[in-house]
Amino acid sequence: MAATDALRLEGVTKRFGAVTALHEAWLKVQDGEFITLLGPSGCGKTTLLNLIAGFLEADAGEIFIGGKLVTTLPVWERDLGMVFQSYALFPHMDVARNVGYGLRARGVPKSEEASRVAEALGLVRLSAMADRRPKQLSGGQQQRVALARALVIRPRLLLLDEPFSALDRNLRTEMQLELKEIQRRLGVTTIFVTHDQGEAMSMSDRVAVMSEGRILQLDTPEVIYGRPAHPFVAGFIGDATVLPGRLIARDGAEARVEAAGLAFIVPAETLGGAAPGAAVSVYLRPEDLHPIVAGEGLEGIVVSRAYLGDRAELVVECGAAGRLMLRLPGQAAMARWPVGAALRVGFDGARPVAFPA
Amino acid sequence: MRRPFLGWFISPAALVAAGFLLAMAAVLQYAFLAFIPGELQPGGFTFQNFREMMKPLYAGVFYDTVKLCFLTAVLALLAGYPLALALVRARNPYVKSAILIISVTPLFLGEVIRTYAWIIVLGNRGFVNGTLMALGVIDAPIPLLFTRLGVVVALVHVTLPVVVIMLAAAIAHIDRDLERAAAALGAKPMRVFVTVTLPLSMPGIIAGLTTGFAWTFSAFATPQLIGGGRVNMVSNLVYSLGFSSFNFPFAAALSVAGLVLTAVALAGFRLLLRPLHKVGLS
């Protein structure tokens, strides 16, 4: 028998009145994995997290944590560490008492509580703040206290509910790196909820992309980005130019499609039952497109340009093909292609995906 | 910003305030004037009224009043907390409305009507004794009317709405995530309540105690009618001295003393509240 999964969901369903917030979620998380639930607001990711935590009760399906059935187990018996969006630090306790809360609830002796709290505060580099009140800490420090409080109980599962959304950009990146490093060091299985795809891509071992109460795709960030399994995933993750096209032929795992007068090879698996001749939508990533001097491509005019420092994003109007988005090194783009400049767009090496239109 | 109508808008309030201030000034002035038996006009300046108050007969009434007020405030708090918690936390809007209506109604009943209702309930042939006797629980009626217990019960009833509102305001302020975080950390509901919900309700508890205390101190009809002269509070003493004996100066002095006592009590409660400011709880 395979090692028990850290978390297993079997057809978990949650309805609120007439609305099904979560349709039969199936999920297996291995020990030490960092899984992100990613999706727009209202996609069911928070519902799923609350079901795992035990704040909500599933209408159908079973939840296993560490091989143990917990579907009807109350929150306080699930052995979880949870970090809330608002941090939820107890305002009437100092940092050390906040961090020690879960240990006291478990009846850990005072002396052990003190040493484990000290250890946890060291882990998040806040040893000097032990007797401060949460109000006296910065947002990033409060965040780290919340993390220490969740980790000190050595939870079987660490649940993070959009923990970085209240932080400004620089601090957010710093906290992401720090969290990821701590998570890797402790090897704690982590379920992370976010609507920020950058956060999801950079931190996760696997990402579950959710929409309208369903997990549409669960895979590594590379596969999610490079081989999206669903048009929603292709559109939600990263930027994409969508060209209307036609299926030419299928050839085993691959298929040939035509769009804007050009031929592309795409994976066949996402085409479903589409037959040759069927209309398809071809999703191209900005890095699939590049300016060329000669050869097969589309003629266009730069209609807008956004300079982002290391890179620049050009939108090129290409006649019938519509608007294409290119991502180029910043300096070169600024020097060579002002708005209004003519540009020939090539597709060499492009790995687009296509879905039935 | 210019607010051209501000003056007009506040003038009625200012008028009322001025009226009250003048009345208070008059009471303060009377408190230091001598009482001449048989005459409504007071005599000259004196401290006699305040010296008189030190007599055990009157000092005892003050002591009793403070005790009664404190007891009432505490009981109203104990009865009001679960009610306020249920009011804030109930998900069903009908349950919410029902709790709100039940807990706030006493506020809208006239004091005399409400008190009269209590007389009917507490009397020897009233609802409580009638029911208990019919059930055979007791043989003779328990004296409730004209007792301290009866007065306290009726005072708690009228104090409850204010306390519930104060508590509900404080409880509604508590971030539910804090309780969720505590539960996720392994705390059972009772532990969550004692270590998170209750301490964070402290501002409401203190506000409720304070207001309940002051509210009860000013009660008149309830101790007058339900106490039936056997439960004396400062307000009743003021009434009987002022309107039976026509000793206006002494009544005024008692009122001033009552006011000062209430102010001191409120200041004391505020002092209790101060540590909470530091924590950012209030």
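Predicted model: local features only at pLDDT ≥ 70, side-chain atom pairs only at ≥ 80, totals over all residues.

Mentor: Residues are numbered from 1 along each chain as its sequence is written, chains are lettered from A in the order in which they are written, and side-chain values use heavy atoms, with hydrogens and water left out.

Trainee: How many residues of chain A are in contact with chain B?
Mentor: On the chain A side there are 23, and they touch 22 residues of chain B, where contact means heavy atoms within 4.5 Å.

Trainee: And what area do chain A and chain B bury between them?
Mentor: About 2,000 Å², with 66% of it on carbon and sulfur atoms; buried area is the accessible area (1.4 Å probe) that two parts lose on being put together, summed over both. In chain A, the residues that lose the most area to chain B are A:W76, A:H92 and A:Y101, together 32% of what that side buries.

Trainee: How many salt bridges are there between chain A and chain B?
Mentor: The count is zero, a salt bridge being a side-chain nitrogen of Lys or Arg within 4 Å of a carboxyl oxygen of Asp or Glu.

Trainee: OK, switching to pockets, how much space lies in the largest one?
Mentor: About 650 Å³, where a volume is the space filled by probe spheres set on grid points joined across faces, edges and corners. A pocket is, on a 1 Å grid over the protein atoms alone, an open set of points where a 1.4 Å probe fits, with protein on both sides within 12 Å along at least five of seven lines, and lining residues have an atom within 4 Å of a point.

Trainee: Which residues lie nearest the centre of the largest pocket?
Mentor: Of its 24 lining residues, those are B:V27, B:V238, B:A251, B:S255 and B:V256. The helix α13(B) gives the most to this lining, with nine residues.

Trainee: And the second largest pocket, what lies nearest its centre?
Mentor: There, A:F55 is joined by B:R176, B:E179, B:R180 and B:A183, among 16 lining residues, and the space comes to about 500 Å³.

Note on methods
Helix = DSSP H or I, 4+ residues; strand = E, 2+ residues; numbered from the N terminus.
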